[in-house]
Amino acid sequence: MTSLSVPIERARGYLNVVRSDSLVRNSVYMMTSTVVTAGLGYIFWIATAHTFTSAQVGIGSAVISLCSTVALLTYLGSWATLIERLHAYERTRMWTSVLARMCVATALVTAAVAAVAVPVLAHSKNYGTFFDAASAVALAIVGSAVWTLVNLFSAAFIAARRAGGLLTIQTLISVVKLLLIFPVAAFGAGALGLVAAWVASALLGVVAGAVWLLPRLGLGHRPAGPANHRIAPGPLSAGSLPPSLLRTPSAAGLNLTTTLPMLALSEPRPHRGPRHKQGARTSTFSFRRLIGQHLTSVGGAVTPLLLPIEVVLRLGVTPNAYFYITWMVGSIFFMVSPAISASLFAESVRLAADLRRVVAKSFRVTALLLIPAMLVIVAGGKLILGIFGAAYADEGYGLLILLAISAVPDAVSNIAVAIFQSTGRLNYSSSLNIGILIVTIAAAWFLMPVYGIAGAGMAWLGAQLLGAIASFPAFANLGRRVAA
């Protein structure tokens, strides 16, 4: 019994840390959401492959990817800005107002971009078979906008340090999407029905978030009693906010000429005189800040979207199959540090001064979760890839090792980006992520003809090492806030 009590007590200690520490809790919820979504998504596509024709699966998945990509390229700046600023309005009516306005404006931008992209693709040979009806075009536009809302709701949960809501929404969407496949197939709806199932499940997630999960946070209203006032005052005091938030510009209208500046957010009125000078700010400032956050997020997100295209162009479709599956297996490495860096971002914007403690904790948690995953994948990588076929194990294992090694400098640069974002150094953060993207794509172009898909891994590893070196300024003077 004594031998069992030690690991049991240790396990209880870990659980207590997860429950009580917001950075760890947020990170675990986000990683769990990724695992659950990936697992249910795998089942979804298996079920789809058995209930639809290969042609229907091909065009349906392509349209869903199109909608997801359009959303990704339009919501990322707003996503990061919500994490940075939304906490300043907690326990006031402005919390709901700011979130709603940001969601509406960004969804409109996404819909506008989709409305331009879809008709262009409709003239292509492959997409034209799907977009030959106005209803299909409308479905893709709505799907892109709805997926934007799902992700902005997720940002609200991360900002509130309650990422369990993110897990709930993503799980609900994945389960409903899976359940809808069979009635859609029974009615013979084809690829249009497949896309409709995805859109309907995402729309249900948005409704659940807006009606149930977000109101449960209780952050969008002014506290009623004086007892609550002590814990979470209605209007926030200037001293409780970091300098970047003391300069938030006043509200601007929902004008599509300044759509993205939806970031013209209203300032909470402080109880006391501000500790920092609050000069007049224009919506141009907000727009520049949003662009900085957007470029930072896009630079970090699009590399996995571009590399498979580059592999096909340089090596062909068969090598890309080996590359894609290996990257999918290796993506477990790139699940840990992004989740922790997002949590670090949400934590650090609430801190008034020293970042050292939360940054050190982020590195400890990253190492605790990342090192075991690296050991398991490296040791059992051939067996895991072998599930897909012997050729996948032979061709992909070298790439998998490179991806495992690259996870270390990738974690360093991800944490550095979170520090740059939270301290307002968006030129650094966007330059760092875009630099990693450019180096990876350029180096892979020249290395792949010589080294095959391992050349893409070499390019990725080299870019991450350079990114880690370029990240050093983030860790200097952590005790000093940089004015935004």
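Helices are DSSP runs of H or I with at least four residues, numbered from the N terminus. The expected span of a helix is 1.5 Å times one less than its number of residues. The model examined here is predicted; local features need pLDDT of at least 70, side-chain atom pairs count only at pLDDT 80 or more, and totals for chains, interfaces and linings use all residues. Residues are numbered from 1 along each chain as its sequence is written, and side-chain values use heavy atoms, with hydrogens and water left out.

Helix α15 covers residues 390-422, 33 residues in total. From its first C-alpha to its last it reaches 46 Å, close to the expected 48 Å. A kink of about 50° is centred on Gly396; the bend at a residue is the angle between axes fitted to the seven residues ending there and the seven starting there. Just after α15, Gly424 adopts a positive phi of about 80°.

Thr366 belongs to helix α14, residues 356-386. Its relative accessibility is 4%, so Thr366 counts as buried. Contact means heavy atoms within 4.5 Å. Apart from neighbours within four places in sequence, Thr366 is in contact with Val336, Ser337, Ile340, Ile371, Ala411 and Ile415.

Helices α3 (residues 54-85) and α13 were examined as a pair. Their axes come within 7 Å and cross at roughly 45°. Axes are lines fitted to C-alpha atoms, for helices over the stretch in contact, and angles run from 0 to 180 degrees between N-to-C directions. On α3, the contact is made by Trp79, Ala80, Ile83 and Glu84; on α13, by Ala342, Phe345 and Ala346.

The whole structure holds 2 salt bridges, each a side-chain nitrogen of Lys or Arg within 4 Å of a carboxyl oxygen of Asp or Glu. Arg85 pairs with Glu84, with the closest N and O atoms 3.9 Å apart. Both residues, Arg85 and Glu84, are buried. Glu347 pairs with Arg161 at 3.3 Å between the closest N and O atoms. Glu347 lies in α13 (residues 333-348) and Arg161 in the loop between α5 (134-159) and α6 (164-186), so this pair ties together parts 186 residues apart in sequence. Glu347 is buried, at 10% relative accessibility, whereas Arg161 is partly exposed, at 25%.

Methods:
Helix = DSSP H or I, 4+ residues; strand = E, 2+ residues; numbered from the N terminus. Buried < 20%, exposed > 50% of the residue type's maximum accessible area, 1.4 Å probe, protein only.
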